[in-house]
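Please look at the sequence and the model together while reading this report.

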Amino acid sequence: MNKKQRQIQYIQDRLKQYKKLEDELLYYDNKQRNLKSISYDTVRTSNNKKDMNISYISKINDIKKNMAKISHFIDKHFNGKYRLVLWYRYIDGLSLKEIAEAMRCSITTIKRFEIQALEKFIDENLNNKK
């Protein structure tokens, strides 16, 4: 694997984190909502419940910030068909087949658009920095 391929793989891995963050967000959101229904004895209720709620809110806010960074990255650095492919693939979580159907082109074309977008980003932003 050459340098550019490693860079592409790194960016793809970072973009894939969006879906993991989305799942994590749902998990902590549910934990926070269910916290209200937990019955504690009167001594523990005020502090424990409050601390857990604050902890969940903090985690939820951190996750939302990280998700926003990923979506902002796509919006800032890509346009047109490249942005659309990356958005469908990593934010919406569509399969290559679903993206190809939505964009009315072949799966091979979708793969090519994705690689071209990432290569262009690398060439313009990473390889020119010395």
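## The largest pocket

The largest share of the lining of the largest pocket, six residues, comes from α1, where helices (H or I, at least four residues) and strands (E, at least two) are DSSP runs numbered from the N terminus. This is a predicted model, in which local features need pLDDT of at least 70 and side-chain atom pairs count only at pLDDT 80 or more, while totals for chains, interfaces and linings use all residues. Residues are numbered from 1 along each chain as its sequence is written, and side-chain values use heavy atoms, with hydrogens and water left out.

The helices α1 (3-35), α2 (42-77) and α5 (107-126) each supply at least two residues of this lining, and among the lining residues are Tyr 10, Arg 14, Lys 69, Phe 73 and Phe 121. By class, the lining has eight nonpolar, two polar and two charged residues (Ala, Val, Leu, Ile, Met, Phe, Trp, Tyr, Cys and Pro count as nonpolar, Asp, Glu, Lys and Arg as charged, and the others, Gly among them, as polar). The volume of the largest pocket is about 270 Å³. On a 1 Å grid over the protein atoms alone, a pocket is an open set of points where a 1.4 Å probe fits, with protein on both sides within 12 Å along at least five of seven lines, and lining residues have an atom within 4 Å of a point; grid points are joined across faces, edges and corners, and the volume is the space filled by probe spheres set on the points.

In helix α4 (residues 96-103), Leu 96, Ile 99 and Ala 100 are buried, where buried means under 20% relative accessible area, exposed over 50%, and partly exposed in between (1.4 Å probe, protein chains only). These three residues lie on the same side of α4 because they cover an arc of only 100 degrees around the axis, the arc being that of the directions from the helix axis to the C-beta atoms. The buried residues of α4 pack against α3 (80-91) and α5, whereas the face turned away from them carries the exposed residues Lys 97 and Glu 101. Just after α4, Arg 104 takes a positive phi of about 55 degrees.

## Salt bridges

Five salt bridges are found in a search of the whole structure, a salt bridge being a side-chain nitrogen of Lys or Arg within 4 Å of a carboxyl oxygen of Asp or Glu. One of them joins Lys 19 and Glu 22, with the closest N and O atoms 2.6 Å apart; both residues lie in α1, three residues apart, about one turn of the helix.

Another salt bridge pairs Glu 114 with Arg 89, at 3.1 Å between the closest N and O atoms. This pair links distant parts of the chain, with Glu 114 in α5 and Arg 89 in α3, 25 residues apart. Glu 114 counts as buried at 4% relative accessibility, while Arg 89, at 26%, counts as partly exposed.

Ile 8 has its place in helix α1 and is buried, with a relative accessible area of 8%. Leaving aside its neighbours within four places in sequence, Ile 8 is in contact (heavy atoms within 4.5 Å) with Ile 115, Leu 118, Glu 119 and Ile 122. Ile 8 and Phe 121 are 113 residues apart in sequence, and their C-alpha atoms are 9.3 Å apart in space.
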